[in-house]
Amino acid sequence: MAATLKLLKPLGYQVFCSPFAYSATQSVAYWNMRSSTPPQGQDAAKQVENICSTSSSWRILTTSSAPLGVEFSKASASKASTLQPDSPSTVRVEEDVEVFDSFEDPRAFLQLRPEYQLHSYNRSETGQPLSAAEGELILHEITVFQNNLQPQVITDYFCKLSFLPAEHHPVLLSSTSFTLLCQLSVKNIQLFDTPDLISILKAFVRLEIPHSHPMLDAYETKFCHQVWEMSLDQLLLVADLWRNLGRRVPRFLKIFFSYLNFHWKDLSLPQLIHLIYIIGESRQVPQDLMQKLESLILKYIDLINLEEVGTVCLGFFKSSSSLSEFVMRKIGDLACADMQHLSSYALVNILKMFRFTHVDHVNFMKQFGQIAPQRIPSIGVQGVMHLTLACSALRILDEGVMNAVAASLPPRVAHCRSKDVAKILWSFGTLNYKPPNTEDFYSSLINEVHRKMPEFNQYPEHLLTCLLGLAFSEYFPVELINFALSPGFVRLAQERSKFELTKELCTLDGTVGVECPNYRGNRLNSHLQQEGSEMLWNLARKDMNSKPEFLEALFLLETVLGGPQYIKHHMILPHTRSSDLEVQLDVNMKPLPFNREATSTEDVAKLRLKHVGVSLTDNLMNQLLKGKSRRHFRGKIESEKKAAIHLRGSLCNVTGRLEAIEMADLCPPAHLQAQVKLAIQLTNKNQYCYGSRHLLGLHNMKRRQLIRLGYRVVELSHWEWLPLLKRTRSEKLAFLHEKVFTSAL
């Protein structure tokens, strides 16, 4: 049956704010703390000198010369006029499952133990409030006594000013007196001790100093010099303060991690969990240090809180650091012991790590399948995406979970990012599963793909993921396919994506070629098709040739069929990323020697003589090949002619597809054509859903396409073939003979 081309029109849409992920206890999102890496200067001392001496730095720091008191009064009046009793700011915003605070939510573990307060910054920390008048007085003193301010006084001024009401902070940061205080702090930075530096950094956090502020370079350099003189609590606190400022500090962290290589055994449980959080947020860490931290996790495993387990998993996941199967099973056991009380946020993070390590904890996934359907409606779409993606990566098809995902998404699909849509479509396609509300589910997601088109310019890989997931499920939105295969988008995908997308482009293009015969849109050029095919064949050949079970099957099939010329190991459909063993049979169900690569020219004569049992004389060969004879030899070769008739029949069966000139005179063209084409596939468990015989999407699509092209798929399943490897050779040959010739009937 021909594939259905579905032309889907993008619908009008509404823009939604805060399309975040998980259910949150707070409804107001904080400032997104993601930041870019600050510009790197020369050495640390030179940076401090430049900040102290270059006049351009002062121009950056100085943006206003208005009197502070006047500006404070204006700010207060503005605040009072905007906050009316009935204004939205005074009304409690209802909790929204889509609201996720990407900064605060991962830090929830810091509330679990009082020890965390020793080495983390608490936003709710309060101090002596400072009035606008008191703030104006301090700034005046800075101007008057600037040449006589001691380091302790500078520290005290920063701390006091940071407790001004938040609405006054923008005015403060733009004042010339505060700029002068920053200059003086940099000038005297070598005189500050560690507690003073930490106090100033806390003040910067409270004042929300921009992460790109030039004076922060000097403070990062100073902390780099202080690392080996600080305690673990102080180092963790400083790293946490940099995180609160939203500033990446790779130099400081590199030295900090070097310090930890000598002191990692001294980490307490709260210090360990906090450190893993910091590592995850910074996305950088030496892998040898992570191995040491893993041993500490095992040491404390029985003391770790379930929410802390989620923090550990997220930190390792974000830093692309693996955990051993043993540790992952321990984590799974912990979660199973009390999964009902495990927060959805921690549950998602644990699943991320199971996905990353590919550990199959059966009991964990079983319990997850029991609680997930009830939780999914209260989990944001980003969290739902991660749950679904974990199931597909682990090949676990739980219909209850998938149905709950499919039912919950259509009403809130507008909250999805392009990444969420892509991963969800990929997951359903990979698991080869269509939920009860298939049409509604796919229609809403495909419409959302149309709405997300602007995002694909930045993330082209997401569009290809969407279309491949849809193709697995036999959905082919032609407008999107035509765009994805256009020269402009192909160039964009190759140049702008951080991923190598040639394989994805070739899989999509090849699939359209087979399953959409009426498609007349864009296709890949022949050069890219050839490049992709060669890349995929090299990968597949290397993979299969490393498997002893495959090599034995190939060798024994050559024996069953009569030689290597009767079987060919190649990719019938290169875009499907796996190879096949092709066999062709003639009208009499005899194998044809179609594999010319395995049959050399000098072997042609030997092939003709195989299993015939007739001696060929020179005269008989002359008679057969040239069609001439002499009268006085007629009687002598009469019996040889009869033998030639038998030989011709045998040659037609054995060498039907050979294109040797001599054979063309012996075998009529009709006998050369293969009547049955077999695609023999040696499967493994990774091509099926976990613990079942349900094919995954890519492999199901491949079989669908092979059948469309006229092949009969013969499966040497792993549950049949692997046990046979321990049996006798004759039993293996009998099994393969039956598979090949029974399938052909």
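Analyst: A contact here means that heavy atoms of two residues lie within 4.5 Å. The model is predicted, with local features needing pLDDT of at least 70 and side-chain atom pairs pLDDT 80 or more, while totals for chains, interfaces and linings use all residues. Residues are numbered from 1 along each chain as its sequence is written, and side-chain values use heavy atoms, without hydrogens and water.

User: Thanks! How many helices and strands does the protein have?

Analyst: The protein has 35 helices and four strands. Both are DSSP runs, numbered from the N terminus: a helix is H or I over at least four residues, a strand is E over at least two.

User: What makes residues 1-95 stand out in pLDDT?

Analyst: pLDDT is the predictor's confidence in each residue, from 0 to 100. Over residues 1-95 it stays under 50, and the model has 169 contacts beyond four places in sequence for them. Residues 620-669 also stay under 50, with 68 such contacts. The protein averages 78, and 77% of the residues score at least 70.

User: Why is α10 called mostly covered?

Analyst: Buried means under 20% relative accessible area, exposed means over 50%, and partly exposed lies in between (1.4 Å probe, protein chains only). Twelve of the 14 residues of α10 are buried, among them Leu232, Asp240, Trp242 and Arg243. The buried residues of α10 pack against α8 (194-207), α9 (215-226), α11 (250-263) and α12 (269-282).

User: Why is Phe594 called buried?

Analyst: Its relative accessible area is 12%, under the 20% limit, so Phe594 counts as buried. Phe594 is found in the loop between β2 (580-585) and α29 (603-609). Its C-alpha atom is 7.3 Å from that of Gln584, ten residues apart along the chain.

User: How many aromatic pairs are there by the rule?

Analyst: Rings of Phe, Tyr and Trp (its six-membered ring) pair if their centres lie within 6.5 Å; planes under 30 degrees apart count as stacked, over 60 as edge-to-face and the rest as tilted. By this rule there are 19 aromatic pairs. One of them joins Trp228 and Phe262: at 6.1 Å centre to centre and 65° between the planes, this pair is edge-to-face. Trp228 is in the loop between α9 and α10 and Phe262 in helix α11, 34 residues apart, so the pair links distant parts of the chain.

User: Why is the pair of Phe252 and Phe256 called tilted?

Analyst: The ring centres are 6.0 Å apart and the planes meet at 40°, so the pair is tilted. Being four residues apart in helix α11, Phe252 and Phe256 are separated by about one helical turn, and both are buried.

User: How do you know that Lys677 sits over the ring of Tyr711?

Analyst: The rule asks for NZ of Lys or CZ of Arg within 6 Å of the ring centre and within 35 degrees of the ring normal. The charged end of Lys677 is 4.5 Å from the centre of the Tyr711 ring and sits over it. Likewise, Arg693 lies over the face of Trp719, at 4.1 Å from the ring centre.
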